[in-house]
Amino acid sequence: MTANRRFRDINRIGPVQVGTSFDGRGQQKHTAVCTAPRCGFSADYDSRAAAELAARTHRCPVR
């Protein structure tokens with residue numbers, strides 16, 4: 001299954017981008033994604049505050 005999402009309200013907190021989109025059921029989801037090479041961190045959250053907290057506390061395991 002492919003997730004064709006249209007993100008809006010995208011912010012960058014360090015190497016992590018936080019964006020808002022709608023899931024397949026029409027519910028609003030917030031996603032945090034690390035853009036560092038070889039990191040691979042991404043997660044969906046129900047609230048914007050939770051996604052931004054994850055972005056602020058994320059530490060890349062690859063250095």
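1. Let me start with Lys-29: setting aside neighbours within four places in sequence, Lys-29 is in contact with Gly-19, Thr-20, Ser-21, Asp-23, Tyr-45 and Asp-46. Keep in mind throughout that this is a predicted model.

2. Where does Lys-29 sit? Lys-29 lies in strand 3. On burial, Lys-29 has a relative accessible area of 19%, and the cut-off for buried is under 20%, so Lys-29 counts as buried.

3. One of those contacts deserves a separate mention. The Lys-29 side chain makes a polar contact with the side chain of Asp-46, at 2.5 Å.

4. Next along is His-30, also found in strand 3, which covers residues 28-34. Is His-30 buried or exposed? His-30 has a relative accessible area of 7%, and because anything under 20% is called buried, His-30 goes down as buried.

5. What does the side chain of His-30 make a polar contact with? The partner is the side chain of Thr-20, and the distance is 3.0 Å.

6. Not counting residues up to four places away in sequence, His-30 touches Gly-19 and Thr-20 on one stretch of numbering, then Ala-43, Asp-44, Tyr-45, Asp-46, Ser-47, Arg-48 and Ala-51.

7. Now the whole chain. The protein has one helix and four strands, and from the N terminus on they run β-β-β-β-α. The radius of gyration is 12 Å, close to the 11 Å that the globule rule gives for 63 residues, so the protein is as compact as a globular protein of that length.

8. Among contacts with a separation of 6 or more, 24% are between residues 24 or more positions apart.

9. How much of the protein is buried? Of its 63 residues, 29% count as buried, and Lys-29 and His-30 are among them. The protein exposes about 4,600 Å², with carbon and sulfur atoms supplying 50% of that area.

10. Last, charge. There are 11 positive and 5 negative side chains in the protein, and the centres of the two sets lie 8 Å apart. Lys counts as positive and Asp as negative, so the polar contact between the side chains of Lys-29 and Asp-46 pairs one of each.

How values were computed. Residues are numbered from 1 along each chain as its sequence is written. This is a predicted model: local features need pLDDT of at least 70, side-chain atom pairs count only at pLDDT 80 or more; totals for chains, interfaces and linings use all residues. Side-chain values use heavy atoms; hydrogens and water are left out. Helices (H or I, at least four residues) and strands (E, at least two) are DSSP runs, numbered from the N terminus. Buried means under 20% relative accessible area, exposed over 50%, partly exposed in between (1.4 Å probe, protein chains only). A polar contact is a pair of N or O atoms within 3.5 Å; within protein, one must be able to donate a hydrogen and the other to accept it, and residues adjacent in sequence count only if both atoms are side-chain atoms. Contact means heavy atoms within 4.5 Å. The radius of gyration is taken over C-alpha atoms; the globule rule is 2.2 Å times the number of residues to the power 0.38. Accessible areas come from the Shrake-Rupley method with a 1.4 Å probe; for residues, only the protein chains shown count as cover. The place of a charge is taken as NZ of Lys, CZ of Arg, CG of Asp or CD of Glu.
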